[in-house]
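Visitor: Please take one part of this model and look at it closely. Keep it brisk, and give the cut-offs as you go.

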Amino acid sequence: MTGVTLDRTVRAAGPRITAALAARFRSLDLAEDGLAEACVRAAESWPVQGIPRDPAAWLYRVAERWALDRLRHQRVTDSHPPPPPAPAPTVEEALADDARRIPDERLRLIFVCCHPALAPDVRAALTLRLVCGLSTAATAAAFLVPEATLAQRLVRAKRKIAQAGIPFAVPGPEAWPERLDAVLTTLDLLYTTAHAEAAATEQTRETAAEVLHLARLLTRLIPASADAHALAALVCYAEGRRPARVDGGGVMVPLSEQDPRLWLWPRITEGSGHLAHALALCPPGAPRGERVLRAVLHALWCGRESVDQPPPWPALLAVYDGLLAVRGDAVVRLNRAVVLAEVAGPDAALQAVEDLRPVLDRYQPYHAVRAALLHRLERWAEALAAYDAALALGPGAAERRWLERRREAAGCAPHHR
């Protein structure tokens, strides 16, 4: 029971505790180490002494005392003495009481970490790691970079924060615009990790629900932001389709084959409302931004009313072409290739996919797409090898079942009988 309570407390309050410790000691490493030490001590003492009345406050105080002791033991110079005992109110309490400006604790901390002195991608990575609690491995996967590379970036970011004395302070409304893109990127990537597997776990469903809540909140805080409305739209669309992502046998259902009758239409209608706001906020004649275009893609996918109605492939391809003009990364090109196969045929799509291999060779969906294209071209041996490559990269349970089923079909083709 104590282990469950500790786990829930860390998941719910760990980011807040870490941020409060970082604000107090101006050291992310010390904050993370302090929380880790507090968790170790909780695991040792709670089963014996009982669970404290306020587990989060207990962890914060233990971590704070440990950090103070560590600073004293390091014999820091006179110019950087150990901080005195925290005055009242503590940083933690000050952060919690700042709801007048950003009325959500997690969103406040995301704005705190998205400081403009850091590069945008580093802000997002640091926030995912510190505030959202993603592991370094999961954060690296979100950025499609090796874990060691991401770890080095985080170390450099922490060093810059320490050397430049960047404050962990909640920004006022005048500072929101310069931090908004990094905040949206953080939420976007967090949702991507929660949506990656078709068969959602309790934790990924909770994360997805939290991102949707925060995206909605941003549209109220900054109603004139087309990007904020676009993010809310695409999360609504994706969450609306969630019930149709897995069939009764636990097998992933590709988006083009999902039954719209299973979708959550009130959520999709909400997404359409956010998209309408986003489009209305786009300057007339100006190119639409990346997030708005991605929301348009989701809207097109959600335009089907029955399983017999095919997706609007040419319209989807046209939007992807527009998206390439503002965001030509490899994942966008891979997704475009899926649509291209339906418009220009699998040969053209396969050529586009092959060009992406140097960048996406460790990206599981890349091999799944390539296997499907080779399958359609009846290049059976190559398809089997591509299915094996996709399976070797550890897909989720529903994706694995779908890949295994498709691989079996390729292996049973006439050429292999």
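Guide: In α18, the buried residues are Q364, Y366, H367, A368, V369, R370, A371, L373, L374 and H375. Buried means under 20% relative accessible area, exposed means over 50%, and partly exposed lies in between, with a 1.4 Å probe and protein chains only. Helix α18 is thus mostly covered, with 10 of its 13 residues buried.

A word on the basis. This is a predicted model, in which local features need pLDDT of at least 70 and side-chain atom pairs count only at pLDDT 80 or more, while totals for chains, interfaces and linings use all residues. Residues are numbered from 1 along each chain as its sequence is written, and side-chain values use heavy atoms, with hydrogens and water left out.

The helix itself comes next. Helices are DSSP runs of H or I with at least four residues, strands are runs of E with at least two, and both are numbered from the N terminus. The 13 residues of α18 should span 18 Å at 1.5 Å a residue. The end C-alpha atoms of α18 are 19 Å apart, which agrees. The expected span is 1.5 Å times one less than the number of residues.

What covers α18? The cover over its buried residues includes α15 (330-344), α16, α17 (357-360), α19 and α20 (397-411). Contact here means heavy atoms within 4.5 Å. Two packed helices are described by the angle between their axes and the distance between the axes.

Take α19 first. The axes of α18 (residues 364-376) and α19 (residues 380-392) come within 8 Å and cross at roughly 160°. Axes are lines fitted to C-alpha atoms, for helices over the stretch in contact, and angles run from 0 to 180 degrees between N-to-C directions. That crossing makes α18 roughly antiparallel to α19. Angles under 35 degrees count as roughly parallel, over 145 as roughly antiparallel, 65 to 115 as roughly perpendicular, and the rest as oblique. The crossing of α18 and α19 is left-handed. Left-handed means that the near helix is turned anticlockwise from the far one by less than a right angle; clockwise would be right-handed.

On the α18 side, the contact uses Q364, H367, A368, R370, A371, A372, L374 and H375. On the α19 side, W380, E382, A383, A386, Y387, A389 and A390 take part. By class, the contact of α18 with α19 has 10 nonpolar, three polar and two charged residues. Ala, Val, Leu, Ile, Met, Phe, Trp, Tyr, Cys and Pro count as nonpolar; Asp, Glu, Lys and Arg count as charged; the others, Gly among them, count as polar.

Between the two helices sits a loop, and E378 lies in the loop between α18 and α19. Just after α18, E378 takes a positive phi of about 60°. E378 is a residue other than glycine. At 55% relative accessibility, E378 counts as exposed.

Now α16. Helix α16 (residues 346-354) packs against α18 at an angle of about 150°, with the axes 10 Å apart. The two helices, α16 and α18, are therefore roughly antiparallel to each other. Helix α16 passes α18 in a left-handed crossing. From α16, the contact takes P346, A349, L350, V353 and E354. From α18, it takes Y366, V369, R370, L373, L374 and R376. This contact of α16 with α18 divides into eight nonpolar, no polar and three charged residues.

An α-helix has 3.6 residues a turn, so residues three or four places apart point the same way.

For contrast, here is a pair elsewhere in the chain. The axes of α6 (residues 120-130) and α8 (residues 147-164) come within 10 Å and cross at roughly 95°. That makes α6 roughly perpendicular to α8. D121, V122, A125, L126 and R129 of α6 meet L150, R153, L154, A157, K158 and I161 of α8. The residues of this contact of α6 with α8 are seven nonpolar, no polar and four charged.

Another positive phi belongs to L144, near 55° in a residue other than glycine. L144 lies in the loop between α7 (136-143) and α8. At 41% relative accessibility, L144 counts as partly exposed.
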